Amino acid sequence: MDKKIRVLLAKPGLDGHDRGIKVIAAAFRDAGFEVIYTGLRQTPQMIVQAAIEEDVDAIGVSILSGAHMTLFPAILDEMKAKNAGDIILFGGGIIPDDDKEELEKLGVAKVFTPGAPTEQAIEFLKKTIADKKSDEKIM
Amino acid sequence: MTVLERFYEGDIRALSRIISHIENGREGYRDVLSRLYDRVGSSLRLGITGPPGAGKSTLVNCLAHRLLKQGHKVGVVAVDPTSPFTGGALLGDRVRMSDFPTDGSFYFRSMATRGASGGLANATDNVTIAYDAFGFDVTLLETVGVGQVELDIVDSCDTVAVVVVPESGDSVQTMKAGLMEIADIFCVNKSDRPGAERIISELRQMLKMRKPPEDKWSIPVVRTVATSTDGVEELEEAINKHRAHMGESGFFEKRRRYQIRKKILTVLRNRFQNEFVDRLREQGDLDQAVDEILAKKTNPFEVGDNLYRRFSA
């Protein structure tokens, strides 16, 4: 059986603008991904816990509130604390170029800004996930 | 350390990896399940099924909170449909889950049907084995939104609650075969809406007219408004009563025996499917046969017989 790409999509923090993330969710679904949509107002703890339970390849978050320099690092920290650093974290939102660069340095795999076509995110995930290697032994 | 060893130590991440391994049918997954099955105890499996938008996830949310408060360890599997066109899925049942502990007493997994049409994914029953082996003592299973004939849930649960809403139809709908026959409990959700009394009385009448079930269980009709948790306590009481009744009447064991019998046949059927039918399809052996059938040299029945003979030899 083909390995399905599983992606968790979440909106951290307090902003309630979920049109963008729903567009992404539909595009990923149509690209053949299994999209776990968790909804609004998720804390970094909730997001990482859900990502672990759902065993996703990637976490995508949408931040339109301006709090990206707080929320992305908080999610990365939580991932490290829960031994889930191997999951790809990516995101999108209204994020200035300088911040985008800084976030990608910190460990966010990719930040998409307004105007990026959904295909770009799909291709990015397909490629990044295909390149991931695991040497874990089940039994 | 292998993933299975970490699983035995209670590592949540390992549980998740094992579930993916089983779900993806990866090499050796049957061996993993064999090992897990040795640790299966007496986790109770409660199924929630019903049409799309009836409030299944919201009810699961309410029930899980109640069970956690009583000290249970609760695992949830919620199934949503896979697109037959793209293979993708939008798994949205987590949206209804709120404020759950992250201390390992609660675990929630979304599954896509991946081509299965019985309301669950093919691997869902196997995932409940992993839950049980991991130490969850209650498993809540939520099906996709169902119509009338997606009844796989019966083979994976000890108690099945069928959720309907006031708009679910008239008395003839309640008399139809299928979904209406698998309920151990009927739950009329959104019962603050007009029409609730009507559907409740129609369900009760239908139950009276019907041949009583073999286990002599009197199927209750519970009314709930899940969004405000109204009636959820009554639903839980009904579930507990059903369990007690099944235990006392000996039907709990009877049901499990029936399920295990069916499980053996499913394992066999899957193997046959994977190792014979799928292989045949992939290898393209069939193209030549199709040519011959089109040329009127043979027919599908003869070809089927010949392939069967080759396989069973």
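These exercises walk through a predicted model with chains A and B.

**Exercise 1.** Describe the side of chain B that touches chain A.

Solution. Start with the contacts: 32 residues of chain B are in contact with 28 residues of chain A. Next, find the elements behind them. Those of chain B that give two or more residues are α1 (3-8), α2 (12-23), α3 (29-37), β3 (89-91) and β4 (106-112). Which of them gives the most? It is α2(B), with seven residues. Last, sort this side of chain B by class: twelve residues are nonpolar, 14 polar and six charged.

**Exercise 2.** Find how strand β2 of chain A is joined to β3(B).

Solution. Locate β2 of chain A at residues 34-37. Three bridges join this strand to β3(B), and the two run parallel. Then pick out a facing pair: A:I36 stands opposite B:L91 in β3(B).

**Exercise 3.** Work out how α3(B) packs against helix α5 of chain B.

Solution. Take the geometry first. Helix α5 of chain B covers residues 124-134. Its axis and that of α3(B) are 9 Å apart, at an angle of about 40°. Angles under 35 degrees would count as roughly parallel, and 65 to 115 as roughly perpendicular. The angle here therefore makes α3(B) oblique to α5(B). Now the hand: α3(B) passes α5(B) in a left-handed crossing. Finally, list the residues that meet. From α3(B) come B:L33, B:L36 and B:Y37. From α5(B) come B:N126, B:I129, B:A130 and B:A133. By class, this contact has six nonpolar residues, one polar and no charged.

Technical notes: Residues are numbered from 1 along each chain as its sequence is written. Chains are lettered from A and ligands numbered from 1 in the order in which they are written. This is a predicted model: local features need pLDDT of at least 70, side-chain atom pairs count only at pLDDT 80 or more; totals for chains, interfaces and linings use all residues. Two residues are in contact if their C-beta atoms, placed from the backbone, lie within 7 Å. Helices (H or I, at least four residues) and strands (E, at least two) are DSSP runs, numbered from the N terminus. Ala, Val, Leu, Ile, Met, Phe, Trp, Tyr, Cys and Pro count as nonpolar, Asp, Glu, Lys and Arg as charged, and the others, Gly among them, as polar. Two strands pair if DSSP finds at least two bridges between them. Axes are lines fitted to C-alpha atoms, for helices over the stretch in contact, and angles run from 0 to 180 degrees between N-to-C directions. Angles under 35 degrees count as roughly parallel, over 145 as roughly antiparallel, 65 to 115 as roughly perpendicular and the rest as oblique. A crossing is left-handed if the near helix is turned anticlockwise from the far one by less than a right angle, and right-handed if clockwise.
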